[in-house]
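Please have a look at the sequence and the structure first, and then read on.

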Amino acid sequence: MNDMDILELALHNQQTAWKILEYTGIIPAWERIGATVHLVGSLKSGLLAKSRDIDLHIYTDTLDIAASFAVMQELAERLSLKEIQFKNLIQTEEECIEWHVLYEDEDRNTWKFDMIHIRKGSKYDGVVEKVTAAITNQLTPEIKNTILQIKFDVPDGIQIPGIEIYHAVFVGGVRNYEELEQWRKTNPLTNSLDWLP
């Protein structure tokens with residue numbers, strides 16, 4: 001695929017993602033329990049390529065498991081959710097509840113919502129937002145094309161976190177998927193939250 005096709009396809013997938021975010025009403029559902037919701041990750045930075053992932057960070061003053069479950073119950077009753085995973089990290093330094101949800105849209109495509117419910121003022125409050133903003137601010141059209149191309153070239157079934165691709169492109173000067181494979185062998189990203197471009 002040439003650059004234009006890739007940009008158009010990425011844009012199409014991003015527009016679909018925005019529509020789905022709107023249609024599902026996930027953000028207002030969290031806001032009804034008094035949460036502040038931030039979109040983070042590849043949809044926010046314009047780097048969503050072929051993966052159907054939507055990342056939300058959700059902040060409340062305290063982490064109330066019942067309130068978190070109440071939101072998920074409301075979503076499960078209303079939407080075509082195929083799978084819900086709950087992780088309790090309240091007692092860890094991450095101070096969060098993780099929800100990983102698979103949602104099926106009307107075209108039978110599966111979307112993954114990563115909803116991280118975080119205590120306001122905790123260690124990681126705003127960290128991913130900062131990373132997302134830093135990446136977005138450093139994007140040139142050329143770097144954006146390179147990242148999208150690499151993401152489209154990652155073979156189906158192979159999961160590489162976006163942050164590892166950004167790290168390889170910004171720090172390693174990686175320009176294609178083959179170079180990415182080589183780079184990752186010798187330059188593992190041990191703590192992705194410590195890195196900013």
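## Size and overall build

A compact globule of 197 residues would have a radius of gyration near 16 Å, and the protein has 17 Å, so the two agree. The radius is taken over C-alpha atoms, and the globule rule is 2.2 Å times the number of residues to the power 0.38. Along the principal axes, the C-alpha trace spans about 45 × 40 × 30 Å.

A word on the ground rules: this is a predicted model, in which local features need pLDDT of at least 70 and side-chain atom pairs count only at pLDDT 80 or more, while totals for chains, interfaces and linings use all residues. Residues are numbered from 1 along each chain as its sequence is written, and side-chain values use heavy atoms, leaving out hydrogens and water.

## Helices and strands

You will find 8 helices and 5 strands in the protein. Both are DSSP runs numbered from the N terminus: helices are H or I with at least four residues, strands are E with at least two. Starting at the N terminus, the order is α-α-β-α-β-α-β-β-β-α-α-α-α.

Of the contacts between residues at least 6 apart in sequence, 61% join residues at least 24 apart; a contact means heavy atoms within 4.5 Å.

## Surface and charge

Buried residues make up 45% of the 197 residues. Here buried means under 20% relative accessible area, exposed means over 50%, and partly exposed lies in between (1.4 Å probe, protein chains only). The protein exposes about 10500 Å², with carbon and sulfur atoms supplying 49% of that area; the areas come from the Shrake-Rupley method with a 1.4 Å probe.

There are 19 positive and 31 negative charges, and their mean positions are 1 Å apart. Lys and Arg count as positive and Asp and Glu as negative, with His and the chain ends not counted. Each charge is placed at NZ of Lys, CZ of Arg, CG of Asp or CD of Glu.

## Following the strands

Two strands pair if DSSP finds at least two bridges between them. Strand S3 (residues 81-89) runs antiparallel to strand S4 (residues 96-104), joined by 8 bridges. In this pair, Ile-84 stands opposite Val-101 of S4. Val-101 also has a bridge partner in S5, namely Phe-113, and 9 bridges join S4 to S5 in the antiparallel sense.

Strand S5 (residues 110-119) is mostly covered, with 7 of its 10 residues buried. S5 also pairs with strand S2 (residues 53-60), this time in the parallel sense over 8 bridges. There, Ile-58 stands opposite His-117 of S5.

Most residues other than glycine have a negative phi. Glu-95 is not a glycine, yet its phi is positive, about 40°. Glu-95 sits in the hairpin of S3 and S4, which has 6 residues between the strands, and at 22% relative accessibility it counts as partly exposed.

Arg-108 likewise has a positive phi, near 65°. Arg-108 belongs to the hairpin of S4 and S5, with 5 residues between the strands, and is exposed, with a relative accessible area of 63%.

## A buried tryptophan

Where does Trp-183 lie? Look in helix H8 (residues 177-186). Trp-183 counts as buried because its relative accessibility is 15%.

Leaving aside neighbours within four places in sequence, Trp-183 is in contact with His-167, Ala-168, Val-171, Gly-172 and Val-174. Trp-183 and Val-169 are 14 residues apart in sequence and 9.6 Å apart in space, C-alpha to C-alpha.
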